[in-house]
Amino acid sequence: MAKIGYRFNPETLSYDKIETPLRKRIGRLLRKFFSSLSLAVVIFFIVSAVIDSPKEKALRREKQEILAQYHLLNNEVSRLDAVLKNLEERDDNIYRVIFEAEPIDEAIRRAGTGGVNKYESLKNLQDAELIVGVSKKLDELSKALYIQSKSYDEIEKLAKNKVDMIASIPAIIPLSLKNPRNRVSSSFGNRMHPFYKTIKFHAGMDFAGAVGTPIHATGNGKVIAVKMIKGYGKSVIIDHGFSYKTLYGHLDGYNVKEGQMVKRGDVIAYLGNTGGFSTGPHLHYEVRKNNVPMNPLNYYFNDLDPDEYYAMINAASNTGQSMD
């Protein structure tokens with residue numbers, strides 16, 4: 001049924017009846033419907049683009065939190081890396097220098113880990129650059145920590161060895177100079193020989209004193225000789241390890257046996273006047289490193305203050321003739 005409408009006719013001054021066909025009315029309705037639908041779709045997309053849904057808001061917040069944690073982790077890794085580099089520098093320039101060990105090469109400390117494709121699987125992830133960067137830093141840090149740990153193990157062994165070495169190096173005077181009867185009678189170097197009256201090399205130091213004065217081991221070690229030695233009379237030789245040996249000559253008697261372990265300060269013998277070349281009661285004392293005679297003056301650092309040390313140097317330099 002057609003919808004009836006009216007239109008005012010100014011010529012007849014009356015309303016004329018107008019009938020709108022159903023088809024036309026349906027067309028109008030469809031146009032209105034699709035116009036409204038199009039407007040609704042446009043509004044929906046605009047709103048969706050501008051305003052996030054609750055789920056999208058939650059996901060966005062979660063992503064921001066994850067990125068924040070990644071950044072915090074990256075900063076913490078960088079901080080730990082700086083701390084480790086400081087430890088590495090101290091290890092190379094202090095600890096390894098003290099214990100006479102070669103520094104570890106940077107290429108070994110900071111060697112790469114894994115192959116080229118180790119991080120390939122991470123490159124497809126969101127924020128891959130950050131994730132790969134943190135992963136590489138963690139791997140490098142892990143490798144460097146392992147190298148540093150092994151270095152400290154080595155340093156610990158060297159330190160223990162150094163303690164033994166410090167205890168073993170001949171570092172005290174072999175008899176007490178607090179007794180006024182004991183004195184330096186001849187030093188190391190070229191001296192007038194008491195019998196030949198020619199300048200000969202004197203391989204140790206002579207200490208004059210009373211017969212029977214206790215003689216002390218100047219460092220920890222093993223007694224390897226207790227016997228008469230030509231030119232030295234009754235003698236004791238101690239092997240201190242670390243290439244050091246000491247010889248004590250012209251003794252009156254022994255207080256140790258061959259093979260005995262002794263510590264610094266132990267009484268090993270007594271001052272005497274034995275041996276064909278001895279011109280009076282005294283101790284002939286030698287320090288040998290790699291079997292080469294060294295100046296004993298350079299090793300009295302454990303029981304002399306600076307004034308006493310310089311006084312000994314002056315006393316030694318004033319002796320022109322050895323006692324053996």
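Are Y244 and Y299 buried or exposed? Both Y244 and Y299 are buried. Buried means under 20% relative accessible area, exposed means over 50%, and partly exposed lies in between (1.4 Å probe, protein chains only).

Before the next stop, some ground rules. This is a predicted model, where local features need pLDDT of at least 70 and side-chain atom pairs count only at pLDDT 80 or more, while totals for chains, interfaces and linings use all residues. Residues are numbered from 1 along each chain as its sequence is written, and side-chain values use heavy atoms, with hydrogens and water left out.

**Stop 1: aromatic pairs**

The whole structure has 3 aromatic pairs. Rings of Phe, Tyr and Trp (its six-membered ring) pair if their centres lie within 6.5 Å; planes under 30 degrees apart count as stacked, over 60 as edge-to-face and the rest as tilted.

Select Y244 and Y299. Their ring centres are 5.7 Å apart and their planes stand at 80 degrees, so this pair is edge-to-face. Y244 sits in strand β10, and Y299 in the loop between β15 (292-294) and α5 (306-317), so the pair ties together parts 55 residues apart in sequence. Helices (H or I, at least four residues) and strands (E, at least two) are DSSP runs, numbered from the N terminus.

Now select Y248 and Y285. Here the centres are 5.4 Å apart and the planes at 45 degrees, so the pair is tilted. Y248 belongs to strand β10 and Y285 to strand β14, so parts 37 residues apart in sequence are tied together. Y248 and Y285 are both buried.

**Stop 2: the nonpolar cores**

Stay on Y248. In the largest nonpolar core, of 29 residues, Y248 is among those with the most contacts inside it, along with F207, I215, V236, I268 and Y300. A nonpolar core is a set of buried Ala, Val, Leu, Ile, Met, Phe, Trp, Tyr and Cys residues joined through side-chain atoms within 4.5 Å. Elements giving two or more residues to this core include β6 (205-208), β9 (233-241) and β13 (267-271).

Which residues are in contact with V236, leaving aside its neighbours within four places in sequence? Select V236 and look for V223, A225, T246, L247, Y248, L251, Y254, V256, I268 and A269. Contact means heavy atoms within 4.5 Å.

**Stop 3: salt bridges**

How many salt bridges does the structure hold? There are 3. A salt bridge is a side-chain nitrogen of Lys or Arg within 4 Å of a carboxyl oxygen of Asp or Glu.

- Select E76 and R79: their side chains meet at 2.7 Å, N to O. Both lie in helix α2 (residues 54-98), 3 residues apart, about one turn of the helix. E76 is partly exposed at 34%, and R79 is partly exposed at 44%.
- Select D81 and K85: the distance is 3.4 Å, N to O. These two are 4 residues apart in helix α2, about one helical turn. D81 is buried at 17%, while K85 is partly exposed at 43%.
- Select R288 and E286: the distance is 2.9 Å, N to O. R288 is partly exposed at 21%, while E286 is buried at 1%.

**Stop 4**

Select F33, in helix α1 (residues 22-50).
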